[in-house]
Amino acid sequence: MAVARLTGTVTMVTVMDDPLSTKALYKLLSFLSPAFPIGAFTYSHGLENAVENGSVTHAASLVEWLTSIMWCGAGRSDAILLKEAHQAALQGDRETLIELRELGLALQPSKERSLETCAQGTAFFKAVTQSWPPSGESPAILAFNDLSEGSTIWPYPAAVGLCCAAHGVPVEAATIGFLQAFAANIVSAAIRTVPLGQTEAQTVLAKLEFTIFQVAEEAARSDIGDLGTSTFLADIASMKHETQYSRLFRS
């Protein structure tokens with residue numbers, strides 16, 4: 001699947017080598033839907049504190065905030081972690097999947113961000129295990145079945161990577177879908193806190209399209225050695241949120 005977009009003077013052409021079947025598309029849409037039971041709506045990724053301290057006050061500043069997070073923060077690092085987990089699952093590499101799971105848990109810069117990824121990832125993996133168990137004998141499915149035993153804590157992107165691989169969702173589509181859902185959830189939080197109108201919110205998501213495709217492309221070229229973030233203001237906002245007076249969100 002090829003997507004071309006002209007933004008300013010920069011032309012983006014993204015090519016997805018692996019075809020996305022209608023069955024895989026249905027599962028991806030279901031997994032990343034706001035209705036999937038992971039409680040995503042209760043997290044703002046530090047945005048609530050950014051609104052409180054005046055860093056984000058309107059649509060334009062929200063675009064800047066989210067663009068930084070996508071390029072230099074959790075957006076990029078989570079995309080790499082998802083891709084690595086997906087790749088390890090396709091190879092049936094349980095040991096690497098366990099290492100990625102532990103790494104994803106260790107990367108979080110604050111208590112609330114740890115809660116954000118752990119609670120969502122664990123709930124996601126549990127929901128897929130109970131409601132969408134994959135069937136077959138592929139290496140990814142065997143790895144999924146092996147790791148689904150017990151009550152293990154999962155970071156969200158690693159859980160999505162493993163589950164998408166087990167269900168035949170190509171990594172490119174999974175990465176782009178994950179990043180879009182991540183951005184959409186923060187935009188949803190912005191509607192309630194900035195506040196933004198519904199049309200303004202969709203404008204923000206439209207402006208992030210180019211960034212999301214670029215970050216997904218970079219993640220595809222990256223590996224574990226490229227993990228790292230540099231979004232100090234967002235990280236500090238997540239730390240300060242823990243003691244913020246009157247909160248709507250858990251992070």
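Leaving aside neighbours within four places in sequence, His167 is in contact, meaning heavy atoms within 4.5 Å, with Lys27, Phe31, Val128, Trp132, Pro133 and Pro134. His167 is found in the loop between H8 and H9, where the names of helices stand for DSSP runs (H or I, at least four residues for helices; E, at least two for strands), numbered from the N terminus. With a relative accessibility of 9%, His167 counts as buried; the terms here are buried for under 20% relative accessible area, exposed for over 50%, and partly exposed in between, with a 1.4 Å probe and protein chains only.

This is a predicted model, in which local features need pLDDT of at least 70 and side-chain atom pairs count only at pLDDT 80 or more, while totals for chains, interfaces and linings use all residues. Residues are numbered from 1 along each chain as its sequence is written, and side-chain values use heavy atoms, with hydrogens and water left out.

One of the partners of His167 is Pro133, which sits in the loop between helix H6 (111–131) and helix H7 (139–147). Not counting residues up to four places away in sequence, Pro133 touches Val128 and His167. From Pro133 to Thr152, 19 residues apart in sequence, the distance is 17 Å from C-alpha to C-alpha.

**Helix pairs**

| Helix pair | Angle | Axis distance |
|---|---|---|
| H4 (residues 74–90) and H9 (residues 171–193) | about 150° | 10 Å |
| H4 and H8 (residues 156–166) | about 35° | 7 Å |

The crossing of H4 and H9 is right-handed, a crossing being left-handed if the near helix is turned anticlockwise from the far one by less than a right angle, and right-handed if clockwise. On the H4 side this contact is made by Ala74, Gly75, Asp78, Ala79, Leu82, Lys83 and His86, and on the H9 side by Val171, Ala174, Thr175, Phe178, Leu179 and Phe182. These residues divide into eight nonpolar, three polar and two charged, where Ala, Val, Leu, Ile, Met, Phe, Trp, Tyr, Cys and Pro count as nonpolar, Asp, Glu, Lys and Arg as charged, and the others, Gly among them, as polar.

H4 and H8 also cross in a right-handed way. Here Asp78, Leu81, Leu82, Ala85, His86, Ala89 and Leu90 in H4 meet Pro157, Ala158, Val160, Gly161, Leu162, Cys164 and Ala165 in H8, and by class the contact has eleven nonpolar, two polar and one charged residues.

The crossing of H9 and H10 is right-handed, and the residues that make the contact include Thr175, Ile176 and Leu179 of H9 and Gln198, Ala201 and Val204 of H10. By class, this contact has 14 nonpolar, three polar and no charged residues. Ile176, whose place is in helix H9, is buried, with a relative accessible area of 13%. The C-alpha atoms of Ile176 and Gln214 are separated by 9.6 Å, although these residues are 38 apart along the chain.

**Backbone details**

Most residues other than glycine have a negative phi, and most peptide bonds are trans. A cis peptide bond, with omega about -5°, joins Val194 and Pro195, and Pro195 lies in the loop between H9 and helix H10 (198–221).

His45 is not a glycine, yet its phi is positive, about 60°. His45 is placed in the loop between helix H1 (22–31) and helix H2 (47–52), and it is buried, with a relative accessible area of 4%. Ser246, also a residue other than glycine, has a positive phi near 60°; Ser246 lies in the segment after helix H11 (232–241) and counts as exposed at 56% relative accessibility.

**Cysteines**

A disulfide is a covalent bond between the sulfur atoms of two cysteines. How many disulfides are there, if a pair of cysteine sulfur atoms must be within 2.5 Å? The count comes to zero. The sulfur of Cys163 is 7.1 Å from the closest cysteine sulfur, in Cys164, which is too far for a bond. Cys163 is buried at 0% relative accessibility, whereas Cys72 is partly exposed, with a relative accessible area of 35%.

Methods:
Disulfide = S-S within 2.5 Å. Axes fitted to C-alpha atoms, helices over the stretch in contact; angles between N-to-C directions.
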